Amino acid sequence: MKKSSVLTEKDVLRTLDIPDFRHLTKEKMMEFASMLPYMDKEVAKKALEQFPNFSNAAVSMFKEYSDLAKNALQSDNINNQRVYDLIDSISKSMQELLKQPELSFENKQIIMANLLELKNDAIRLNESTKKHSMKILAIVFSILGAIIMCLACVLGVNSKGNGPTIDT
């Protein structure tokens, strides 16, 4: 592999496996965006000129990913609420059992231990949900960053040449 200082039009087209930039699809846009910092400025401009609906496609792609993320988060919230409701119901039932005077001390200890475990399960579920939500948001913001980078490439692209390796 040869290390190229700046990606040429030929390098980019070969990497994207397209004959010209008019064939740049929404699916290839992310790969294209990741190469932008390493492209010759004129190659980036030419690519964007040949993809006239680039900004519309970029906004559309971001909206699709945002909607997917929103739906995933909403689904998680619904499922988690069901679990929280179940935990709450079980907890209330156990608390009612604890009020029974004929319940032995050992049985009360078992119920208390189970209540504590339910509380710990709720805490673990909450922590897991937060981590999952953060991962989804990180993906969405990464996509937004790539789109912004594509749109900003017209204003200036790295020409220092610290780019990827390209097969020649």
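Leave aside the neighbours within four places in sequence, and Leu16 is in contact with Leu24, Lys28, Glu31, Phe32 and Met35 (contact means heavy atoms within 4.5 Å). Before going on, a word on where this comes from: the model is predicted, so local features need pLDDT of at least 70 and side-chain atom pairs count only at pLDDT 80 or more, while totals for chains, interfaces and linings use all residues. Residues are numbered from 1 along each chain as its sequence is written, and side-chain values use heavy atoms, with hydrogens and water left out.

**The nonpolar cores**

Leu16 also turns up in the largest nonpolar core, a group of 15 residues. A nonpolar core here is a set of buried Ala, Val, Leu, Ile, Met, Phe, Trp, Tyr and Cys residues joined through side-chain atoms within 4.5 Å. As for exposure, buried means under 20% relative accessible area, exposed means over 50%, and partly exposed is in between (1.4 Å probe, protein chains only). The residues with the most contacts inside this largest core are Val12, Leu16, Ile18, Phe21, Phe32, Met35 and Met39. Two or more residues each come from α1 (9-16), α2 (26-35) and α3 (41-50); helices are DSSP runs of H or I with at least four residues, strands are runs of E with at least two, and both are numbered from the N terminus. The top contributor is α3, which gives four residues. Apart from this core lies another one, made of eight residues, with Ile87, Met94, Ile111 and Leu115 among them.

**The charged pairs**

Side chains of opposite charge can pair when their charged atoms come close. The rule for a salt bridge is a side-chain nitrogen of Lys or Arg within 4 Å of a carboxyl oxygen of Asp or Glu, and by that rule the count is six. Here are some of them:

| Salt bridge | Closest N and O atoms |
|---|---|
| Glu96 and Lys99 | 3.2 Å |
| Arg124 and Asp121 | 2.3 Å |

In the pair of Glu96 and Lys99, Glu96 is partly exposed at 47% relative accessible area, whereas Lys99 is exposed at 60%.

What links Glu117, Asp121 and Arg124? A network of salt bridges ties these residues together. Arg124 and Asp121 sit three residues apart in helix α5 (residues 105-152), so about one helical turn separates them. Arg124 is partly exposed, with a relative accessible area of 43%.
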